[in-house]
Every structure is written in C-alpha cells, then in structure tokens.
Amino acid sequence: MAKSSSLVTKVSVQRRRRVHRPRRSPTKPERAAAADTFGSLAGCPSSPDLDDCVVDTAVDDAPVAAAEAAGRRASDETLAVHAGEKLGSGAAETDSIATPIVSGTTHWFRDSADLIAFREGRRRSFEYGRYGNPTVKVLEEKISAMERAEATLVTSSGMNAIVATLLALVPPGGHVVATADCYSEARAFIHDKLSKMGITSTFVDLDDDMEALESVLDEDEVTMFYADSMTNPHLKVVDVARVAELCHRRGALMCIDSTLASPINQKPLALGADVVLHSATKYIAGHHDVIAGCVSGSEALISRIRAWHHDLGGAISPNAAYMIIRGLKTLALRVEAQNRTALRMARLLENHPKIERVYYPGLESSPWHGVATRQMAGAGGVVSFEVASDMRGVMRFVDALELPLIATSLGGCESLVQQPAVMSYWGKSEEEKAKNGIKDNFVRFSFGIEKFEDLRDDILQALEKI
C-alpha cells in the first residue's frame, strides 16, 4: 500500500492542562497475526500510521512542544476510540468520557467583538446547526483521522454525500467518467440528473484492463473519475493507485466510494484518490440503526463540498452523530471479525458441491486478489456466490437460514442475506438483470459478528434443503 501523507490534526489545549499522548505503536510484524485474521491476505500491509495530533497552542509548555516535535503516531484501533475526543480539537470539550450530544440548533455570542472574531476565524465556535455542530465535529475529526484526511464532512445519508460531492466538484460542462458497476443510485444521478446541468458522462468497464479509461481520458477533458471499490455485489476491486496516476496525469479528480471496504481495510486517499466517500450507515456506524454519509479529502475540496451541502440542507442530527461515534469505537474489532469470518466462509463455499462460484477478493482464485493484496488490509465482510439451483431452489436456501436476516444493507453486527433477483431486481427484465450481472441463483451474504461455527452450521444445513 502506498504510504500515507504526513497529515496532522491541529489540537486546541487549555493552559496548564496536561495532554496525554499514546506512544508510537510498535510496527506489527506485517500482520503476522493476520495469517489467522485475513488468511490469504496476510501479506497485505497494515494500515498506514497517522502522525499523531499536534498541539497548536501559544502556551509555553515544554512537554507539549516535545510531543509536537516527536510526531507520535496512533493505530486505527486507537484512533477509532480517541480521535476527535482525547486526540482532537475538543469541539465538544468536557470531562465526560462519552462525547456529549449538543442538541442546540443555535449558538450565541458574548458580544459583537466575539461575533467578529468568529467571522474572521480568530475564535472557534458554531453558529447554526445546519452549518456545524460540536458533536458532529467530533465525528468528522474521528473519520478524518482514520482516513488520513485533512477534513471530513458528515451528511444525513450516503446519497447526500454523493450528490453534494458531484455538484460541488463537477461544474456545468464538466465530464464524469464512472465505472459501469458503481452504486446504482449514483449511476442514475450521474446519467439522468447531471445531464440536465450540461454535464456529460461516460461509463467504463475496468474488468479486463485500463484501455477504456485511458481512451476516454485521452479523448475528452474529464473532470472526475468516480468508482466504488469494492463494488456491490460482485466485489471487484479498482486499482486505486494506478487509476489515480492516470487521472492526475490528465488533470482529473478521482473519487472512490469505499463503503464496502471501510476505513479499516482500505485508505483510498493514501493510495492517491482525491476524495473518499462512505455510506456511514454500513460499517462505520455498524449497528443498522442510523442513516448517514461522509466524504473526506483535502481541506480545499471538502470546503467546496461543504458549501453545497449547506445549501442542500443534508445536515445530520447530533443524536445520529453520537450513535456513529459510539459505533466507530468498535469499528476495528468488528471489521477484523467480519474479515475473518467472510474469508473462512468463502473458502468453505468455494469447495462445496452445491456452490457454482464464489465472489470474494480474499480468495486466491479471485481475479481481484492481486490488487486487493496490494492495497487492502482485509477483504471485508461481504461474500457473494452462485448456488447450483434455480430461483426457487435458492429461495428455499435463503428461507431455510436461521441466523441471518433477509434484508438489504450490510456492515452491521447482524448477518444479512439477500437474493438480488428477488430483493433488488424483482420485476426487472432479464436484459437488465444480465446487464448488471444478476443471476437468479446469485446470493449476497453480509457477515456480522456472530460466531463463525454457528454461521457455518446454519449455511450448511440450509444448503441441504435445496
């Protein structure tokens, strides 16, 4: 994986207040323990370290200055717990371990001079809930730390983050190149809505090589390349570093939707992407109980997106932000467990006589295994597969499962299962299903954090019902 940039997060510290810093995490033996955790992805590099938060203060404090100079670092596991709070700006500063939920929509100023200081950027504060909130700010800093980003905007949904990003960064007359298998609603927005604003689009298939992308980049002035990595539900992996190089050589921005990878498994910004998106509803929140989105990148780009977001009005509530903060603290633990379960199950299914094909980049048989090994620390908790049966036979398999819930979404603690031909493509034409690679016997399984053996036994007994 490409090394991360030495981005640092500025931290405000009160006078004489002692700031504790974690020591630099010792280098793990390239995830020697990952041989068990990620199996065939054990050779993947660990997530790149982040320069620890640097204290920005006028206080003459020698220990603080020493910590600044040391440039200490923290792991993803530590950042998930402390970034934005103990390691952060103190936007919602308190001596409570839990981040407070600041529910007020309007913030007041002591006097006109105080207001002017805020307007001129000399005083950190908030004005109105649609423009920012202390609880939301903590969440944004936490995600920035994990993504190795200068800034993050948290929004009311993943789709809101996608729309705000495209509207802010692609001007009228611009040109978007997207992968043909990107998120269906994003694809529809790019093709149907942006076209009404004078923005053209081209959809390319990167399955075989980069020739289609290189061709359109050479022929047209492209504003942005947009892709999911990994894709849903076929789990293809875009070579972020290579595509970023191609795009930047021709002056195009690169936007990666990394929802299915999570910040634990992949760092698109460190690989060369300009912005990274997530449906925070999925792995980041992790409990199937809150809708949210986020977009991270440089301060310059996120400021442009934030301006559009203010007009679109897709602010997340402080309560929802708190729930995501709480969920994020266990993100590393959850994702590592889901990685481990998914890989073991993918290997089991690959050798089962009633399974025709398994889609999972953690398998050495996957055409995406090589790039996944180079740029990911784990292959995620979603496994897709084709059952050796027809639509009705697969429905019997799904209905016989006792642990997973038949539901859309992914990334939560509970395992979910769906048959896309029934869940998402019911009533669609055979042509449309074929275009999107959806067969009647196709199943997508999102693994939760249940015990592997329980899930294994459940899947095996359900396969016997076919």
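Strands β10 and β11 run antiparallel and are joined by five bridges. Strands here are DSSP runs of E of at least two residues, and helices are runs of H or I of at least four residues, both numbered from the N terminus. Two strands count as paired if DSSP finds at least two bridges between them. In this pair, V276 stands opposite S296 in β11.

Before I continue, a word on the model. This is a predicted model, in which local features need pLDDT of at least 70 and side-chain atom pairs count only at pLDDT 80 or more, while totals for chains, interfaces and linings use all residues. Residues are numbered from 1 along each chain as its sequence is written, and side-chain values use heavy atoms, with hydrogens and water left out.

Let me give the overall figures. The protein chain has 19 helices and 16 strands. Of its 466 residues, 54% are buried; buried means under 20% relative accessible area, exposed over 50%, and partly exposed in between, with a 1.4 Å probe and protein chains only. The accessible surface comes to about 20400 Å², and carbon and sulfur atoms account for 50% of that surface. These areas come from the Shrake-Rupley method with a 1.4 Å probe, and for residues only the protein chains shown count as cover. Of the contacts between residues at least 6 apart in sequence, 74% join residues at least 24 apart, a contact being heavy atoms within 4.5 Å.

I return to β10 and its sheet. This is an open sheet of seven strands with mixed pairing, in the order β5-β11-β10-β9-β8-β6-β7. β5 (151–155) and β7 each have a single partner strand, so one side of each is left without a neighbour in the sheet. On average, neighbouring strands of this sheet are turned by 20° against each other, direction ignored.

Axes are lines fitted to C-alpha atoms, for helices over the stretch in contact, and angles run from 0 to 180 degrees between N-to-C directions. Helix α7 also packs on the sheet, touching β6, β7 and β8, at about 140° to the direction of β7.

Which residues of α7 (residues 184–193) are buried? They are A186, F189 and I190. Seen down the axis of α7, these buried residues fall within an arc of 95°, so they line one face of the helix; the arc is that of the directions from the helix axis to the C-beta atoms. They pack against α6 (158–169), β6 (175–179), β7 (200–204) and β8 (224–228).

On the β9 side, strand β9 (residues 253–257) runs parallel to β10, and three bridges join the two. C255 stands opposite V275 there.

β10 brings us to the annotated lysine. The unreviewed UniProt entry places the feature "modified residue: N6-(pyridoxal phosphate)lysine" at K282. UniProt positions follow the numbering used here, feature names are shortened, and annotations may be inferred rather than shown by experiment. K282 lies in the loop between β10 (275–279) and β11 (293–297). Is this lysine buried or exposed? K282 is buried, because its relative accessible area is 18%. Leaving aside neighbours within four places in sequence, K282 is in contact with T259, S409, L410 and G411.

Next, the other sheet. It is an open sheet of five strands with mixed pairing, ordered β12-β13-β16-β15-β14. Its edge strands are β12 (355–359) and β14 (405–406), each pairing on one side only. β14 pairs with β15 (residues 416–418) in the parallel sense over two bridges, and L405 stands opposite L416 in β15. Helix α16 (residues 391–400) packs on this sheet, touching β13 (382–387), β14, β15 and β16 (442–446), and its direction makes about 140° with that of β13.

I97 is exposed, with a relative accessible area of 80%. V102 is in the loop between α3 and α4 as well, and is partly exposed at 24% relative accessible area. Not counting residues up to four places away in sequence, V102 touches H107, N133, P134, T135 and P318.
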